[in-house]
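Please look over the sequence and the model shown below before reading on.

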Amino acid sequence: MTKLIGKKQKMTHLFKQGRAYGVTPVQVVTKVDLSNMKEGDLLTVSGTSKGKGFAGVVKRWNFKGGPKTHGQKHSHRAPGSIGATAPQRVIPGVKMGGRLGGERHTYKNLEVIAIDLENMTLMINGAVPGKTGSMVELVVDAELPVTEETLAEEVVEAPVAEETVAEEAEAVEVPVTEEVVTEETPAEEVVTEVKEEVKEE
């Protein structure tokens, strides 16, 4: 089992063996060798669906809507009753209008109709979640080897030579601080001078 990252392309039609397939091209971004895959393989595709903003119950939950005649007015797409009288509250989980889309969805057993090895593109039968250009996650049952390009891009840090370290150490200038030497007068001489001044007075 191999996990791949792909970029969704614009949906198109593919004519094969006298039949038209609605396919979604997905360009594989992960650098692997797709030669082990074959037409007819099944995939598991995960992605974030298109965000549709706030939607009513008819669009969000496929409600039928109210009658169009018999005195109805402005209630053709209304939700109707949201609960009974007895609990005196709305039961959690009642289907109402709200934010639609923008959620992660997973579709299983999507068939690969064709493979373009040159452009690293898989033609997947059916719809794939997300808008055009969005990233999707593919799970393939086959083991796909990593290409040589990916191995060449791995940077191996070379060991630092001892000579280089020594040169860098010499290049560092150590600031030299000048020591100021001050001559201190001994305490005995100061006392003697004071006594002589007192005698003279």
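Does Arg-104 count as buried or exposed? At 54% relative accessibility, Arg-104 counts as exposed, where exposed means over 50% relative accessible area, buried under 20% and partly exposed in between (1.4 Å probe, protein chains only).

## Basis of the model

This is a predicted model, in which local features need pLDDT of at least 70 and side-chain atom pairs count only at pLDDT 80 or more, whereas totals for chains, interfaces and linings use all residues. Residues are numbered from 1 along each chain as its sequence is written, and side-chain values use heavy atoms, with hydrogens and water left out.

## Salt bridges

The structure holds 3 salt bridges, each defined as a side-chain nitrogen of Lys or Arg within 4 Å of a carboxyl oxygen of Asp or Glu. One of them joins Arg-104 to Glu-137, with the closest N and O atoms 3.5 Å apart. This pair links distant parts of the chain, since Arg-104 lies in strand β7 and Glu-137 in strand β9, 33 residues apart; strands and helices here are DSSP runs numbered from the N terminus (E, at least two residues, for strands; H or I, at least four, for helices). Glu-137 is partly exposed, at 23%.

Glu-39 forms a salt bridge with Lys-16, the closest N and O atoms being 2.4 Å apart. Here too distant parts of the chain are linked, with Glu-39 in the loop between β3 (19-28) and β4 and Lys-16 in strand β2 (residues 12-16), 23 residues apart. Asp-41 pairs with Lys-38 at 3.3 Å between the closest N and O atoms; Asp-41 is buried, at 13%, while Lys-38 is exposed, at 54%.

## Strand pairing around β4

Strand β4 (residues 42-48) runs antiparallel to strand β7 (residues 104-116), to which 6 bridges join it, and strands count as paired if DSSP finds at least two bridges between them. Within this pairing, Val-45 has Tyr-107 in β7 as its bridge partner. β4 also pairs in the antiparallel sense with strand β9 (residues 135-140), over 4 bridges, and there Leu-43 is partnered by Val-140.

Leu-144 is placed in the loop between β9 and α2 (148-153), and is buried, with a relative accessible area of 8%. Its C-alpha atom is separated by 6.4 Å from that of Asn-36, although the two residues are 108 residues apart along the chain.
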